[in-house]
Amino acid sequence: MGLEEKLPSGVMLGTVEQVVGLARKSSMWPATFGLACCAIEMMSVGGPHYDLARFGMEKFGATPRQADLMIVAGRVSQKMAPVLRQIYDQMPEPKWVIAMGVCASSGGMFNNYAVVQGVDHVVPVDIYLPGCPPRPEMLLDAVLKLHDKVQNTKLGAHRQREIEEEEQRALRRSLPLVEQGEGAER
Ligand code: SF4
């Protein structure tokens, strides 16, 4: 007879990591960061039809200090990049980022000097969501995939990965543009 059979009904066994993962994924608070057309699709998931509240995410915050998920919805101009980074820095740890749409993921059709060629040049990205624009169902799918990722992340691992990505970004910034494959049109 296992220990589970001796427990009263309704009691579950689990590790601290599992409990923390469950709490984190069940109460994410997104920061609104709509930049272009993709933002319309992002806004619709908060409405009653798609009902993001089913996943504990009904509170879209206007302040980054009360948010732990940034959904970058739309293209990021070079002028907006420092603002995005500042907002990200104001979010408390642990925090996650979804790049919504091809523009946020890679610059998309805006392959020019004015648009950041992927928001991962500015902040670490957890989920890349393709599409122009991605449908609300696709954003919900990305959110659920992020929930799985959060549930299975070891305590402290997220922060370590962020430090490594920050080092890679600093290295990328120090390389000449031609070596990064970004200078062809300039
Ligand atoms: S991916 Fe398409 S819909 Fe989204 S911001 Fe870019 S152009 Fe607009």
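Analyst: In this predicted model, the unreviewed UniProt entry carries a "binding site" annotation that covers Cys37, Cys38, Cys103 and Cys132. These four are spread over 96 residues of sequence, yet they cluster in space, with a largest C-alpha distance of 10.1 Å.

The shell computed around the ligand includes those cysteines, and it is made up of Ala36, Cys37, Cys38, Gly74, Arg75, Val102, Cys103, Met109, Gly131, Cys132 and Pro133. Sorted by class, the shell holds eight nonpolar, two polar and one charged residues.

Cys38 belongs to helix α3, which covers residues 38-45, and it counts as buried because its relative accessible area is 10%, where the cut-off is under 20%. Beyond its neighbours within four places in sequence, Cys38 is in contact with Ala73, Gly74, Met100, Gly101, Pro133 and Pro134. Cys103, in turn, lies in helix α5, residues 101-106, and with 10% relative accessibility it is likewise buried. Its contacts, again leaving out residues up to four places away in sequence, are Gly74, Arg75, Gly108, Phe110 and Val116.

Ser77 and Val116 stand 39 residues apart in sequence, whereas their C-alpha atoms are 5.7 Å apart in space. Ser77 sits in the loop between β2 (69-73) and α4 (81-90), and at 30% relative accessibility it counts as partly exposed.

Technical notes: Residues numbered from 1 in each chain as written. Predicted model: local features only at pLDDT ≥ 70, side-chain atom pairs only at ≥ 80, totals over all residues. Heavy atoms only, no water. Near = heavy atom within 4 Å. Nonpolar A, V, L, I, M, F, W, Y, C, P; charged D, E, K, R; others polar. Helix = DSSP H or I, 4+ residues; strand = E, 2+ residues; numbered from the N terminus. Buried < 20%, exposed > 50% of the residue type's maximum accessible area, 1.4 Å probe, protein only. UniProt positions renumbered as here; feature names shortened; annotations may be inferred. Contact = heavy atoms within 4.5 Å.
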